[in-house]
Amino acid sequence: MLQQIVLFCIDRFRGERSLAAIDHLLNGKKTAQTLQDSKWYDVSRLFGTVPIDRSRLFDITRALEMDGLISQVDEHIYCTTASGKEKLRRFILPPYIDGWKYMNEASLFWKRLSLLIQTIANIIHRTSFEPVHRDEHIQSFVKRWLLQHKHIQALARLLYEEMYELLNRVEEEDANIFVWRLTSHERIGWTNEQIAYAIKEEDVAVLLSFQNVLHFMLDMTEKEKEKFPLLFSLREQKRVQLTSSAQKTWELLKEGYSLEQIAELRGLKKGTIEDHIVEIAAYIPTFVTTPFLEENKRKRIIQQAQKLQTKKLRAIKEVLQDVSYFEIRLALARWEREDA
């Protein structure tokens, strides 16, 4: 499974990004470049879903090359061969996985839900327990949540019904993996590794199965919040998905400060603020790019990217000498929204 995921990423990057880009993508590194690549190459669903160390990534890449599934085009840069593309025809990601969409929420929701279930089970059976999560913020949330719901027995039944309804909509094996992760008054939840060993499956496959159910729950509780009020109440209020530094720049832009003024105020390089502006352009629909990019230049950049069938900055820059790399990145950041 991990080999197929790496092969999938290499195929999507089309020889335009190095293995470092795959490393940052799968580990969920929140840099402006990684966030942009996630959208540009349509790999955002995998963002942060499969933590992998660099040495293992290199080992997998060497194995793929030896099997004739990829070929090297530059240092640490590869593209898929015909055999690799044929193999990918049989590769399907779990249907509900969306690492980008839920990167800020999935872990928090899981911790709240799993601690809540453990706490309710032990209250009902009058047993003492060690919390599965030590985070004081998670524990405080669960305590406050329970204080709002006095009748524990009735609460347990309603929560069970919501969980049963959702788990009944996914594959049985996925549902089982999710339940095995839960801790009750009788048993401690298994790790992904323990589950993988028990069912003789790859740990990565188990990890993706678990996340698939978790993301499905988040999706359904958003779409059908009236049907799943208890689970919906465990969710965090949605926030703009910017890196913290880009968020600060965005706040200053809204106050009317220029790029140069922001760089001076924050004690950052102009290039860093440009990175933030590109990130803001990609993820804030209301952001206006014209102060930084003339419309004529924007159209020429998009036309050239379409003509060359690439989002590689250097290739576009070689043709359009009068535009800057910043302007190219800014144009590409809005391409999907404005020109798709």
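Start by selecting helix α8: its buried residues pack against α6 (106–124), α7 (136–147), α9 (172–180), α11 (203–223) and α12 (229–232). Buried means under 20% relative accessible area, exposed means over 50%, and partly exposed is in between, with a 1.4 Å probe and protein chains only. Contact means heavy atoms within 4.5 Å. Helices (H or I, at least four residues) and strands (E, at least two) are DSSP runs, numbered from the N terminus.

The model is predicted: local features need pLDDT of at least 70, side-chain atom pairs count only at pLDDT 80 or more, and totals for chains, interfaces and linings use all residues. Residues are numbered from 1 along each chain as its sequence is written, and side-chain values use heavy atoms, with hydrogens and water left out.

**Helix α8**

Stay on α8, residues 152–167. Its 16 residues reach 22 Å from the first C-alpha to the last, close to the 22 Å expected at 1.5 Å a residue. The expected span is 1.5 Å times one less than the number of residues. Now colour I152, L155, A156, L159, E162, M163, L166 and L167, which are buried. They cover an arc of only 130 degrees around the axis, so they are on the same side of α8. The arc is that of the directions from the helix axis to the C-beta atoms. An α-helix has 3.6 residues a turn, so residues three or four places apart point the same way.

**The whole chain**

Zoom out. The protein chain has 19 helices and two strands. Its C-alpha atoms fill a box of roughly 75 × 55 × 35 Å, taken along the principal axes. Of the 340 residues, 49% are buried. Among contacts between residues at least 6 apart in sequence, 66% join residues at least 24 apart. The accessible surface comes to about 18,100 Å², and 50% of it belongs to carbon and sulfur atoms. Such areas come from the Shrake-Rupley method with a 1.4 Å probe; for residues, only the protein chains shown count as cover.

**Aromatic rings**

How many aromatic pairs does a search of the whole structure find? The search finds 12. Rings of Phe, Tyr and Trp (its six-membered ring) pair if their centres lie within 6.5 Å; planes under 30 degrees apart count as stacked, over 60 as edge-to-face and the rest as tilted.

Select F287 and F292, a stacked pair with 6.1 Å centre to centre and 25 degrees between the planes. F287 has 7% relative accessibility and so counts as buried; F292, at 18%, also counts as buried. F292 is in the loop between α15 (270–283) and α16 (295–308), while F326 is in helix α18 (residues 325–333), 34 residues apart, so that the pair links distant parts of the chain. F326 is buried, at 10% relative accessibility.

Next, select T289, in the loop between α15 and α16. T289 is buried, with a relative accessible area of 7%. Leaving aside neighbours within four places in sequence, T289 is in contact with A281, L330 and R334.

**Helix α16**

Move to α16. At 1.5 Å a residue, its 14 residues should span 20 Å, and its end C-alpha atoms are 20 Å apart, which agrees. Which residues of α16 are buried? They are K297, R298, I301, I302, Q304 and A305. Q309 follows α16 and has a positive phi, near 55 degrees.

**Charges over rings**

Select R112 and F141. The charged end of R112 sits over the ring of F141, 3.7 Å from its centre. R181 lies over the face of F210, at 4.2 Å from the ring centre. A charge sits over a ring if NZ of Lys or CZ of Arg is within 6 Å of the ring centre and within 35 degrees of the ring normal.

**Last stop: Y257**

Y257 is in the loop between α13 (244–254) and α14 (259–266). At 33% relative accessibility, Y257 counts as partly exposed. Leaving aside neighbours within four places in sequence, Y257 is in contact with L252, I262 and L265.
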